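Thanks for coming. Please have a look at the sequence and the model on the screen, and then I will go through a few of the details.

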Amino acid sequence: MTSNTFNQTKFTPVPPEKGSFPLDHESLCKKYYLLYMSCLSRNEDQNSKCRQEAKEYLGCRMENHGSVATIKLPVLIEKLQDPSLDFIFNIKVILTEHAKHFVDFASMPQSVDLLDDEMEWKAWSKRGDPVVHIELGKWADLAVIAPLSANSLAKISMGLCDNLLMCVVRAWDLKKPLLFCPAMNTRMYDHPITSDQINKLKSWGYHEIPSIAKTLICGDTGNGAMAEVDTIIIEILNKIQK
């Protein structure tokens, strides 16, 4: 499957509107927003006196709207395309709408196809047209979900199909390797449901590249950071060589 398989030329997703934080379309963080604004009002807009409220607001936005570990994606792709490797990887990247908030599109290699939910619908208009998530599953020899946010982990464990990535995973051929790299805030990672969901994916034959402990972008220190890029590369190569 090439970049024009779906009767299109090179596909470039349109980045979402950007702000200092990922957008909160569902108002999941409204409580923290109001607390932050109230603090600023009480303190004559002196942000230095509202750092805790700002931290909680930022943490909520990061945790509920994609994974900030997505910023490592260009580095992962660059290392997979290193000519010194024994394999030549033809890479296609599926971006969820929330993941777009963290991607620097200018740094993405031109040789990599970027796909999103809009492409799924544009490609199909009548019977006989290709179904993108099915064609992707047939084309790919291996899938890597890096990072896998708490939200997407929960969706996969329940079999939801509300975006292109979830549809590809739901239709994935279990004879092919699928690797996933959990990445989330420590408090979310330590919740009992996280290990239950990870174990469910592993019971299907999916391969976990475990999170590591470090200081996260929200300032907390603990488990939940995505594995280092070099570790992910090693795991991918190990799966390819088997």
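A disulfide is a covalent bond between the sulfur atoms of two cysteines. In a model, a pair of cysteine sulfur atoms counts as a disulfide if they lie within 2.5 Å. What you see here is a predicted model, so please keep that in mind throughout.

How many disulfides does a search of the whole structure find? The search finds one. Cysteine 39 and cysteine 50 form it, and their sulfur atoms are 2.1 Å apart. The link between cysteine 39 and cysteine 50 is left-handed, with -95 degrees about the S-S bond. Cysteine 39 is in helix α1, residues 30-42, while cysteine 50 is in the loop between α1 and α2, and the two are 11 residues apart. Both cysteine 39 and cysteine 50 are buried.

Now two other cysteines. Cysteine 161 is in no disulfide, and the nearest cysteine sulfur, that of cysteine 167, is 4.8 Å away. Cysteine 167 is likewise in no disulfide. As for accessibility, cysteine 161 is partly exposed, with a relative accessible area of 40%, whereas cysteine 167 counts as buried at 14%.

Glutamate 44 is not a glycine, yet it has a positive phi of about 55 degrees. Aspartate 45 is not a glycine either, and its phi is positive as well, at about 60 degrees. Are they buried or exposed? Glutamate 44 is exposed, with a relative accessible area of 67%, and aspartate 45 is exposed, at 62%.

The peptide bond that joins alanine 146 and proline 147 is cis, with omega at about 5 degrees.

Next, the aromatic rings. A pair of aromatic rings is described by the distance of the centres and the angle of the planes. The count here comes to two aromatic pairs. In one, the rings of phenylalanine 87 and phenylalanine 89 have their centres 6.3 Å apart and their planes at 45 degrees, so this pair is tilted. In the other, tryptophan 204 and tyrosine 206 are edge-to-face, with 5.8 Å from centre to centre and 85 degrees between the planes. Tryptophan 204 is partly exposed, at 34% relative accessibility, but tyrosine 206 is buried, at 8%. Phenylalanine 87 is partly exposed, at 28%.

Phenylalanine 87 and phenylalanine 89 come up again with leucine 237. Leucine 237 has its place in helix α10, residues 229-241, and is buried, with a relative accessible area of 16%. What is leucine 237 in contact with, leaving aside its neighbours within four places in sequence? The answer is Leu85, Phe87 and Phe89. Leucine 237 and leucine 80 are 157 residues apart along the chain, and their C-alpha atoms are separated by 9.4 Å.

Two tryptophans have a lysine over the ring. Lysine 176 lies over the face of tryptophan 172, at 5.8 Å from the ring centre. The charged end of lysine 92 sits over the ring of tryptophan 139, 4.8 Å from its centre. Lysine 92 is found in strand β1, residues 92-94, and counts as buried at 16% relative accessibility. The side chain of lysine 92 is also joined to that of aspartate 113 by a polar contact of 2.7 Å.

Then there is helix α5, residues 132-139, whose buried residues are Val132, His133, Leu136 and Gly137. Seen down the axis of α5, these buried residues fall within an arc of 135 degrees, so they line one face of the helix. An α-helix has 3.6 residues a turn, so residues three or four places apart point the same way. The buried residues of α5 are covered by elements including β1, β2, α4 and α7.

Last, the overall picture. The protein has 10 helices and seven strands. It has 242 residues, of which 46% count as buried. Of the contacts between residues at least 6 apart in sequence, 70% join residues at least 24 apart. That is my list, thank you.

Key. Residues numbered from 1 in each chain as written. Predicted model: local features only at pLDDT ≥ 70, side-chain atom pairs only at ≥ 80, totals over all residues. Heavy atoms only, no water. Phe/Tyr/Trp six-rings, centres within 6.5 Å; stacked < 30°, edge-to-face > 60°. Buried < 20%, exposed > 50% of the residue type's maximum accessible area, 1.4 Å probe, protein only. Lys NZ or Arg CZ within 6 Å of the ring centre and 35° of its normal. Helix = DSSP H or I, 4+ residues; strand = E, 2+ residues; numbered from the N terminus. Polar contact = N/O pair within 3.5 Å; in protein donor to acceptor, adjacent residues only side chain to side chain. Arc of directions from axis to C-beta. Contact = heavy atoms within 4.5 Å.
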